[in-house]
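Let's take a walk through this fold, starting with the whole chain and ending with a few individual side chains. Keep the viewer open as you read.

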Amino acid sequence: MKKSVTFIALLIFLLAGCSTDKTTEQDMKNLPNLSAQTALILVHGTGGSTDTFDGFSDVFIDDYHTSNERIKLHIGTDGALTYHGTFSKKALHPIVQIGFADSIDASITQQAIWLRLAMEDLQKKYKFAAFEGVGHSNGGLVLSIYAQKYAKTAPTLERLVAIGSPYNDLDPDDNKGDLAFTDVPKATPLLQKYEKNRAKINPDLLVLSIASNIDDGSFSDDIVPVLSAFGSRLIFKNEAKAYLESYYKGEEYDHRTLFASPDIQKKIAWFLYEYPGDKKEISLAKNKKLALCQLLGSKIEVRVRDSIAYASF
C-alpha cells in the first residue's frame, strides 16, 4: 500500500509539471512583430523539460527585471512544436524555455536540429532577428553545435552561455590538468568534432563558459570535470569575438543545480545585459598568480577567491 501511495504521489507531481495549457491555433493568430527584441532561449540538459528553467527565468523577470514575459516550447521527436503561452507586443527580452521530448537518448546533434526547427518557427511567428542562448550541461553542447552549424542563418545567435557543459565528455583521465591548460590529455570524438568546425563560428559571437569544482578532490562539479567544461576554450577562444570563463569552487556548486546558483545567475545576467563585448576583455579562469600578472595594468577590477582570479568588468 505504501508503494502505491508513493507511486500515485509521484504521478501527480509529474502531471502537475506538465499541466500548462497548450496554446491553441486561435491563440497563435495576430502575434506581435518582435523583431526589435532579442529573445533569450533556455536549453535544458539530459532529462530536463520545458519546466527546468522556471526558477531561473523567475529571477530574470521578477528580480532583475531584464525580461517581462516567457513562454515554453516543447519539441517532439518528429519535430512537432507545442507552444505554451504567447508573447504580447510589450515583451522585453522575451524568454523561451525549450523542452525536448527526447532529452535522454537523442544525440546532441539531433537536438540541435530540433532547436533549429524551433528557431525557424519563432522567427516566422515573432520575426526575431537575433537571440541569446543559455544551456545547462548538454544544453550548452546543443547551443554550441547550433553556433557552428547554423552560424549564418537567422535568427542570429549573438551570445552563448554554457553552464557545466561536458565538451570533452566525462572521463576524468581524459581531463586531467589544471586551470592553465592549453590542451586536454585526450580529446574525445565529441571535442574533436567541435574543434574541426571552429572556423564556422560567427566571429561576432560572445561566449561565457561556466565550470565548477565541488572541492571533494575530483576537480569536477560531481559529474563534469572542470577541464571538460572549459574544453570550450579549445573551441571558442580564438574564433569568437570574446570568450570568457567563470569558475566556482565549493560544495554548493553541484552540477545538477548550477543554473539555480544566485552567483551564477548574477554572472549570466551581467554577461547578457551589461557586458559590452569588447574583444580586449577576454578573461580565462587561471591560477591566481598567472591571472594577476596578465591583468596587471588593465582597467579590469580583479577579485580573488579560492586561489582563482575572477574579472569583474
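Predicted model: local features only at pLDDT ≥ 70, side-chain atom pairs only at ≥ 80, totals over all residues.

The chain contains 9 helices and 10 strands. Of its 313 residues, 52% are buried. Among contacts with a separation of 6 or more, 75% are between residues 24 or more positions apart. The chain exposes about 14900 Å², and carbon and sulfur atoms supply 52% of that area.

Now for the inside. In soluble globular proteins, nonpolar side chains tend to be buried together. Here the largest nonpolar core has 60 residues, and Ile41, Leu115, Leu122 and Phe236 have the most contacts inside it. Helix α3 gives the most to this core, with 8 residues. There is also a second, separate core of 27 residues, which includes Val161, Ile163, Phe259 and Tyr275.

Leaving aside residues up to four places away in sequence, Ile41 touches Leu115, Met119 and Leu122, among others. Its partners also include Val96, Ile98, Phe131 and Val134, as well as Glu132 and Gly133.

Helix α4 has 12 residues and reaches 16 Å from its first C-alpha to its last, close to the 16 Å expected at 1.5 Å a residue. It is mostly covered, with 10 of those 12 residues buried. The buried ones include Leu141, Val142, Leu143, Ile145 and Tyr146, but also Gly139, Ser144 and Gln148. Helix α8, residues 262-273, also has 12 residues, and its end C-alpha atoms are 16 Å apart, which agrees with the span it should have at 1.5 Å a residue. Among the buried residues of α8 are Ile264, Ile268, Trp270, Phe271 and Leu272, along with Gln265 and Lys267.

On the strand side, look at β7 and β8. Strand β7 (residues 206-213) runs parallel to β8, and 8 bridges join the two. Asn213 stands opposite Lys249 in β8. Strand β8, covering residues 242-249, is mostly covered: 7 of its 8 residues are buried.

Charges come next. Side chains of opposite charge can pair when their charged atoms come close. The count for this model is 11 salt bridges. Asp58 and Arg70 form one of them, with their closest N and O atoms 3.0 Å apart. That pair links distant parts of the chain, since Asp58 sits in helix α2 and Arg70 in strand β2, 12 residues apart. How covered are these two? Asp58 is partly exposed at 30% relative accessibility, and Arg70 is partly exposed at 29%.

Lys125 and Asp121 make a local pair, with closest N and O atoms 2.8 Å apart. Both are in helix α3, and because they are 4 residues apart, about one helical turn separates them. Lys125 counts as partly exposed at 23% relative accessibility, while Asp121 counts as buried at 15%; the cut-off for buried is under 20%.

Arg233 and Glu245 form another salt bridge, again with the closest N and O atoms 2.8 Å apart. Arg233 lies in helix α7 and Glu245 in strand β8, so the pair ties together parts that are 12 residues apart in sequence. Both Arg233 and Glu245 are buried.

Finally, some backbone details in the loops. Which peptide bond is cis? The one between Ala154 and Pro155, with omega about -5 degrees. Pro155 is in the loop between α4 and β6. Lys127, in the loop between α3 and β5, has a positive phi near 65 degrees although it is not a glycine. Lys127 is partly exposed, at 41% relative accessible area. Ser137 is another non-glycine with a positive phi, about 55 degrees. Ser137 lies in the loop between β5 and α4, and it is buried, with a relative accessible area of 10%.

One last stop is Ala199, in the loop between α5 and β7. Ala199 counts as exposed, at 71% relative accessibility. Ala199 and Ala240 are 41 residues apart in sequence, and their C-alpha atoms are 9.5 Å apart in space.

Key
Residues numbered from 1 in each chain as written. Heavy atoms only, no water. Buried < 20%, exposed > 50% of the residue type's maximum accessible area, 1.4 Å probe, protein only. Pairing = 2+ DSSP bridges. Core = buried A, V, L, I, M, F, W, Y, C linked by side-chain atoms within 4.5 Å. Contact = heavy atoms within 4.5 Å. Expected span 1.5 Å × (residues − 1). Areas by Shrake-Rupley, 256 points an atom, 1.4 Å probe, with all protein chains shown as cover. Salt bridge = Lys/Arg side-chain N within 4 Å of Asp/Glu carboxyl O.
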